[in-house]
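Keep the viewer open as you read.

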Amino acid sequence: MTLTTPATNSRPAPEYPLLHYGIHYYDTAGLRLRRHGLTLSRVGTSWQLDRGDGRGCRVEAPESDQVPHELRRLVRAYSRDLELAPVTGPCTGRLTRDAGPADTARATVLGYLETQIEALARADLAVRLGEPEGVRDLRAAARRLRTALWTFAPVLGGRRLVRGLCASLCRLGASVGPARDTEVQRRRFLHRLGELPDEAGLGPIRADGRRHFAAAAAEAAAECAEALESHRYLQLLNALEVLGVVLREQPRSDQRKAALKPAGAVLPGLVWTVVTETDARLEAAFAGSAPNAVHAVRKSAKRLRYALEAAAAALPFVPDRVLADCRAVEDLLGEYRDATVAREQLRALASAATEAGRPAETYELLITTEALAAQECLAALPAAWETLRRGLEPMRV
């Protein structure tokens, strides 16, 4: 069996009727692929998955009505392990839902949640296809979902309702995150080496780095694959879908008052709780200067940006400038975190070099460079946060 991923489809885009004879289409009984814009088809021994955006992949397998395992694995986030059987005709469009009153707090949050559930499935497919940004997008979708569920729980039914989902999304992010973090650190390591003069004797150091990051990447990839193939992950996807259906179909008489109010009257106040949390964590970080305390600020800053994105239409200001300021704060915190992690890894590499009887001076130089980078980020953080804080002030309740 061979898998190829052409840049563009070799057959017409799935929204147009395919008139070729001998094309067989496959889907679940509930047409889960079709409802999300995917088309799975077979012509003889050639199977093709069209993604609805001009991209796709092809598998060559013995002629059979059984969908190849590789394709069943690729669409797992959509099919949920349900049987893929012959169906009539190609995809004709994505799933649409009756949104109900679009200006209520609950409708706004539900719309955002459904967008991120779809983003999670798309990122899942990208990870399985080995696309470069797949893991980053998967982790971001999981974080956005967790932020929206927790921050806006009062309009969804309370935190008891979403606590389990948030914990599962946190575990998912922790399982797939190392694959992304390893690649970020590998690029950072090579960039730092590129800043050093050629005569620094970097050959052994590059070799050390290649071995270190290759081993870390293999371990992280295995953990990521295990997470996506787990039954727990499938339960999470199903639970998110069920929650959306339950909340949309819940009678208005059973909903909390906050859920029925206009989004602009409720959501800014809930976002403001994340602002106060970030404020408190920032103060604690500068009081103690512990790396984990600064990392806690970074997590709050990410939650703040995701909450601002989710409530964008309901905010008392145009969010573009504030989101840019939020990203500036995140960038400083992210650079601080990356520099801190890099120092830990460089210390381990230096220790290994010393044990092997090789000099570690270059590692020490790189450690000093990363320490200075972290200090610069901390020095710039208060001013960046103050700029963002002023932009957020109209939300204060």
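Which residues of H8 are buried? They are Ile 205, Ala 207, Asp 208, Gly 209, Phe 213, Ala 220, Cys 224, Ala 227 and Leu 228. Here buried means under 20% relative accessible area, exposed means over 50%, and partly exposed is in between (1.4 Å probe, protein chains only). An α-helix has 3.6 residues a turn, so residues three or four places apart point the same way.

Before going on, a word on what you're looking at. This is a predicted model, in which local features need pLDDT of at least 70, side-chain atom pairs count only at pLDDT 80 or more, and totals for chains, interfaces and linings use all residues. Residues are numbered from 1 along each chain as its sequence is written, and side-chain values use heavy atoms, with hydrogens and water left out.

Now the overall picture. The secondary structure comes to 14 helices and six strands; helices (H or I, at least four residues) and strands (E, at least two) are DSSP runs, numbered from the N terminus. Of the chain's 397 residues, 47% count as buried. Take the contacts with a separation of 6 or more: residues 24 or more positions apart account for 73% of them, where contact means heavy atoms within 4.5 Å.

Back to H8, which covers residues 203-229. This helix has 27 residues and reaches 39 Å from its first C-alpha to its last, close to the 39 Å expected at 1.5 Å a residue. That expected span is 1.5 Å times one less than the number of residues. Helix H13 (residues 319-355) can be read in the same way: with 37 residues, H13 reaches 53 Å between its first and last C-alpha, close to the expected 54 Å. Just after H13, Gly 357 takes a positive phi of about 80 degrees.

Next, the packing. Two packed helices are described by the angle between their axes and the distance between the axes. In what follows, axes are lines fitted to C-alpha atoms, for helices over the stretch in contact, and angles run from 0 to 180 degrees between N-to-C directions. Angles under 35 degrees count as roughly parallel, over 145 as roughly antiparallel, 65 to 115 as roughly perpendicular and the rest as oblique.

Start with H8 and its partner H4 (residues 105-128): the two pack at an angle of about 130 degrees, with their axes 11 Å apart. H4 and H8 are therefore oblique to each other. Asp 124, Val 127 and Arg 128 on the H4 side meet Cys 224, Leu 228 and Glu 229 on the H8 side. By class, this contact of H4 with H8 has three nonpolar, no polar and three charged residues. For these classes, Ala, Val, Leu, Ile, Met, Phe, Trp, Tyr, Cys and Pro count as nonpolar, Asp, Glu, Lys and Arg as charged, and the others, Gly among them, as polar.

From H7, the contact takes in Val 184, Gln 185, Arg 188, Phe 189 and Arg 192; from H13 come Glu 335, Asp 338, Ala 339, Val 341, Ala 342, Gln 345, Leu 346 and Leu 349. The residues of this H7 contact with H13 divide into seven nonpolar, two polar and four charged.

Staying in H7 (residues 159-194), find Thr 182. At 13% relative accessibility, Thr 182 counts as buried. Leaving aside neighbours within four places in sequence, Thr 182 is in contact with Phe 213, Ala 216, Ala 217 and Ala 220.

Not counting residues up to four places away in sequence, Leu 237 touches Ala 77, Arg 80 and Leu 120. The C-alpha atoms of Leu 237 and Ala 77 are separated by 7.3 Å, although the residues are 160 apart along the chain.

Finally, some loops. Gly 37 is found between helix H1 (32-35) and strand S3 (39-43), and counts as buried at 4% relative accessibility. Leu 31 lies in the loop between strand S2 (23-27) and H1, and has a positive phi of about 55 degrees although it is not a glycine. With a relative accessible area of 26%, Leu 31 is partly exposed. Asp 81, in the loop between helix H3 (76-79) and strand S6 (85-87), has a positive phi of about 70 degrees, again without being a glycine.
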